[in-house]
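Thanks for making the time this morning.

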Amino acid sequence: MSWSERLKELGIELPGVAAPLAAYVPAVQSGNHVYTSGQLPFVDGVLAATGKVGAEISPEEAKGHARTSVLNALAAVHALVGIDNVTRIVKVVGFVASAEGFTGQPAVVNGASELLGEVFGDAGIHARSAVGVAELPIGSPVEVELIVEVQ
């Protein structure tokens with residue numbers, strides 16, 4: 001089964017590629033790897049939420065935003081090389097805008113990791129960083145970037 005068929009089976013439709021907020025592109029290919037820029041939880045061109053996790057945003061809500069962010073990253077990969085050319089998810093980097101004392105970043109970034117596992121199975125098992133930060137662009141609670149191996 002192709003990855004596009006798997007997405008369809010799961011009832012997941014990749015969104016359009018989010019427009020860059022500054023001087024960069026959503027994804028670049030170097031050799032057999034695609035590197036995405038950090039992706040925010042945009043839905044239909046609108047940031048889904050603003051605030052810090054552990055204050056205005058609950059960890060469970062933030063986990064959903066991480067899932068949305070990784071879908072946006074996959075959309076950037078798909079636009080560049082086609083989702084069916086992915087052979088492995090290599091690494092996920094998740095940034096979580098964290099309220100003082102919040103240390104649950106790994107559980108938040110699981111929203112991205114679990115979605116990748118659902119879609120790619122064993123090829124979705126990846127290395128990962130989950131980093132707490134003071135602020136993210138335009139007040140986003142999360143940001144996710146990918147490194148993906150392609151054929």
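How many salt bridges does the count come to, if a salt bridge is a side-chain nitrogen of Lys or Arg within 4 Å of a carboxyl oxygen of Asp or Glu? The count by this rule comes to four salt bridges, and I will go through some of them in a moment.

Before that, a word on the basis: this is a predicted model, in which local features need pLDDT of at least 70 and side-chain atom pairs count only at pLDDT 80 or more, while totals for chains, interfaces and linings use all residues. Residues are numbered from 1 along each chain as its sequence is written, and side-chain values use heavy atoms, with hydrogens and water left out.

Helices and strands here are DSSP runs, numbered from the N terminus, with helices being H or I of at least four residues and strands being E of at least two. For exposure, buried means under 20% relative accessible area, exposed means over 50%, and partly exposed is in between, with a 1.4 Å probe and protein chains only.

Let me take the pair of lysine 63 and glutamate 114, whose side chains meet in a salt bridge at 3.1 Å, N to O. This pair links distant parts of the chain, with lysine 63 in helix 2 and glutamate 114 in helix 3, 51 residues apart. Lysine 63 is partly exposed at a relative accessible area of 22%, and glutamate 114 is partly exposed as well, at 39%.

Another salt bridge joins the side chains of glutamate 118 and arginine 67, at 3.2 Å from N to O. Because glutamate 118 lies in helix 3 and arginine 67 in helix 2, this pair ties together parts that are 51 residues apart in sequence. Glutamate 118 has a relative accessible area of 32% and is therefore partly exposed, and arginine 67, with 29%, is also partly exposed.

A further salt bridge is formed by the side chains of lysine 52 and glutamate 135, again with 3.2 Å from N to O. Lysine 52 lies in the loop between strand 4 and helix 2, and glutamate 135 in the loop between strand 6 and strand 7, so this pair ties together parts that are 83 residues apart in sequence. Here lysine 52 is partly exposed, with a relative accessible area of 25%, whereas glutamate 135, at 56%, counts as exposed.

Helix 2 itself covers residues 59–81, and its 23 residues reach 33 Å from the first C-alpha to the last. That is close to the 33 Å expected at 1.5 Å a residue, where the expected span is 1.5 Å times one less than the number of residues. Glycine 82 follows helix 2 and has a positive phi, near 90°.

Which residues have the most contacts inside the largest nonpolar core? The largest one has 37 residues, and Val86, Phe120 and Leu146 have the most contacts inside it. The elements giving two or more residues to this core are helix 1 (3–10), helix 2, strand 5 (86–97), helix 3 (105–120) and strand 7 (142–150). Helix 2 gives the most, with nine residues.

Leucine 146, if we leave out residues up to four places away in sequence, touches a set of residues that includes Val34, Val70, Leu74, Ile89 and Leu116, where contact means heavy atoms within 4.5 Å.

A search of the whole structure finds one aromatic pair. Rings of Phe, Tyr and Trp (its six-membered ring) pair if their centres lie within 6.5 Å, with planes under 30 degrees apart counted as stacked, over 60 as edge-to-face and the rest as tilted. The rings of tryptophan 3 and phenylalanine 120 have centres 4.8 Å apart and planes at 65°, so this pair is edge-to-face. Since tryptophan 3 lies in helix 1 and phenylalanine 120 in helix 3, the pair ties together parts that are 117 residues apart in sequence. Tryptophan 3 and phenylalanine 120 are both buried.

Finally, the backbone in two loops. Aspartate 44 is not a glycine, yet has a positive phi of about 55°; aspartate 44 lies in the loop between strand 3 (42–43) and strand 4 (46–47), and at 80% relative accessibility counts as exposed. Isoleucine 138, likewise not a glycine, has a positive phi of about 50°, and is found in the loop between strand 6 (127–133) and strand 7.

Key
A nonpolar core is a set of buried Ala, Val, Leu, Ile, Met, Phe, Trp, Tyr and Cys residues joined through side-chain atoms within 4.5 Å.
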